[in-house]
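This report describes a structure for a reader who is new to such descriptions. Please look at the sequence and the model first, and then follow the text section by section.

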Amino acid sequence: MKAFLIRRVYSSFITFIAVITIVFLLARVTGDPLAELENDPRVSPATVAAIKAAFGLDRPLHEQYLNYLVNLFRGDFGYSLHYKAPVMDVIMQKFPYTLALLIPSITLSNYLAYLVGLEIGWRRGSRLDSAFVGVSMFIRSTPYFWLAILFLYVFSVVLGVTPLFGAVTPGRRFDWSLDWFLDYLWHYALPFTVLTLRGFLSELIYVRNVVVDVLGEDFVMTARAKGLPDKYVKRRYVARNAMLPITTVLGMRYAFLIDGAIQTETVFSYPGTGRLVYEAIFNRDFWLLQGAVVILALSVIVVNFVIDLLYAYLDPRVRYR
Amino acid sequence: MSSRALPPEGALGKLRSFWTVFSSDRAAVVGLAIFLAILFIAIFADLIAPYSPYERVGRPYERPSLKHLLGTNDIGQDIFSELIYGARASLFIGFLAAITGTAIGTLVGIAAGYYGGIVDEVLMRIVDIWLSIPSLLFAIFLAAVILRIGGIPMFYSVIFAIALTSWPPVARLVRSATLSIKERPYIESAVALGASPSRIMMKHILPNVAPLVLVEVVVRTAIAMLTEATLSFLGLGDPALKSWGTILHFAMVKNALILGLWWWFLPPGIMIALTVLSVVLIGRGLEAYFNPRLRRQ
């Protein structure tokens with residue numbers, strides 16, 4: 001286990017370095033961060049040179065790269081032009097909203113996908129199965145943002161039962177009261193439902209296919225031939241053996257749902273990190289976008305690491321390979 | 001002799017056997033029908049659309065009427081015509097991005113599988129790293145980065161962003177196919193005859209992974225169309241191109257949602273879902289014929 005852990009920490013670290021290097025190269029090769037200032041006739045070349053020197057932009061590329069690494073490890077991700085604040089502060093202020101949205105949503109949708117997937121896989125070929133497979137394939141073909149638009153339109157505009165935007169009523173400050181919490185939940189309902197519903201329905205098919213695969217194995221036939229009750233076979237033989245591949249894929253969702261959050265938060269104007277990515281594009285706030293990419297990629301690496309540990313715990317073969 | 005040198009009757013027979021398998025999947029046939037209809041709309045957009053989507057043809061924010069089936073947008077352009085032209089942009093960008101991404105993945109996969117050793121190690125490590133970044137986030141960053149270069153039309157930045165984020169799964173798939181093809185006797189004879197590695201890869205391995213790659217292009221087209229819609233929706237697409245994602249972007253920015261103008265934001269989403277679904281169904285049908293044993297998740 002120790003050797004496995006060391007190997008895994010090492011490869012996570014390499015991945016992280018690679019990701020931040022890719023980001024650095026892409027950002028530096030493609031553009032001059034001071035292009036706008038340089039093209040502004042009101043700013044003298046001397047001022048531009050002074051700013052360049054202050055930020056170390058006049059140094060050779062490898063020195064800039066080292067500087068960038070040192071800054072990253074210090075937690076300095078640059079300065080957001082739109083928010084007029086350090087990128088790290090802006091992102092950290094929004095991160096809790098996204099985490100509070102994503103973690104319960106992924107957990108619930110994974111659980112539902114597992115429950116229903118097991119059931120329809122068990123009853124493969126039934127009418128219930130084909131209905132769910134059909135709905136699942138359709139939902140997979142609709143982008144998150146459009147589902148969000150649909151929900152926002154039906155529930156907030158037509159029915160008027162949910163708010164149009166935000167995480168709390170504008171002007172409302174955080175306190176520990178029940179009132180605040182209810183207001184928060186009221187704003188939380190729609191983004192949460194969209195993320196959970198689409199996640200559940202699109203992962204469902206995967207769980208189902210794994211279950212169908214396991215049902216084809218000889219040991220299932222043996223168990224049934226022995227006369228074990230159906231319920232017992234389902235729980236002890238099928239569900240258990242389907243567990244490993246399901247854990248990998250459903251676990252990965254913790255890392256990748258940020259893609260859905262970017263779209264959903266944008267439509268609901270939900271003040272999380274996902275919406276921040278959209279705002280950074282909209283305001284051409286390149287440093288904010290770069291910081292968000294690095295921080296989100298880092299959290300993905302951490303999540304992957306945790307999932308691998310979990311996997312090694314569930315399947316001893318991984319540890320000793 | 002390769003199978004391509006067979007007489008036309010053989011090719012016709014092959015097509016017939018393909019159609020027998022493909023048409024036994026009713027969903028795939030429905031998918032093909034929907035797709036062909038949308039393709040028809042895309043090709044003949046100029047003839048079908050009642051107006052030019054780039055011209056002001058009415059007052060802003062008109063409601064649906066016989067004159068403007070889906071009303072007009074915030075600058076008085078006909079939304080129905082935009083929708084028709086949107087088929088062209090969305091299909092074209094999705095297909096081009098998928099082709100580019102699959103081509104990159106195929107080349108990387110063949111090289112990694114054929115050379116093995118350190119080349120394989122390095123390439124697959126890059127694939128792992130690439131796959132550890134959420135693809136939409138990565139595509140957004142790439143599109144934003146490419147836009148910064150300047151002088152590159154926005155249209156290309158979306159295609160490159162999608163292609164550059166979609167090649168790694170293809171590379172993995174093609175690599176494992178290459179590994180098994182490499183062991184076949186005819187490759188050994190080609191090596192013994194002194195064929196160069198590039199000749200072996202292009203003449204002997206590529207044709208054998210072609211069916212796999214073909215299916216992959218279709219699967220990737222569905223994903224690329226979804227990504228294109230999302231990037232355009234977020235404002236990274238070419239506003240002049242009017243893909244369905246771009247229409248939705250302007251619908252959101254111009255408050256169509258809050259104003260309740262459903263004729264503006266519902267149809268493009270339905271078109272995206274229908275097209276992507278039809279491509280997915282075709283992909284499943286193709287897969288049943290080309291790799292019956294290889295089941296995709």
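In H7(A), the residues Tyr144(A), Phe145(A), Ala148(A), Ile149(A) and Leu152(A) meet Gly260(A), Gln263(A), Thr264(A), Thr266(A) and Val267(A) of H11(A), where two residues are in contact if their C-beta atoms, placed from the backbone, lie within 7 Å. The residues of this contact divide into six nonpolar, four polar and no charged, with Ala, Val, Leu, Ile, Met, Phe, Trp, Tyr, Cys and Pro counted as nonpolar, Asp, Glu, Lys and Arg as charged, and the others, Gly among them, as polar.

## How the model is described

Residues are numbered from 1 along each chain as its sequence is written, while chains are lettered from A and ligands numbered from 1 in the order in which they are written. Because this is a predicted model, local features need pLDDT of at least 70 and side-chain atom pairs count only at pLDDT 80 or more, whereas totals for chains, interfaces and linings use all residues.

## Chain A as a whole

Chain A holds 14 helices and two strands, which are DSSP runs numbered from the N terminus (helices are H or I, at least four residues; strands are E, at least two). Of its 321 residues, 35% are buried, meaning that 20 or more other C-beta atoms lie within 10 Å of the residue's own, all placed from the backbone.

## Where the chains meet

How many residues of chain B are in contact with chain A? There are 33 of them, and they touch 40 residues of chain A. On the side of chain B, H6(B) gives the most, with nine residues, and by class this side has 25 nonpolar, seven polar and one charged residues.

Val277(A), leaving aside its neighbours within four places in sequence, is in contact with Ile262(A), Leu289(A), Ala292(A), Leu137(B) and Ile140(B).

How values were computed: Buried ≥ 20, exposed ≤ 12 C-beta atoms within 10 Å, placed from the backbone.
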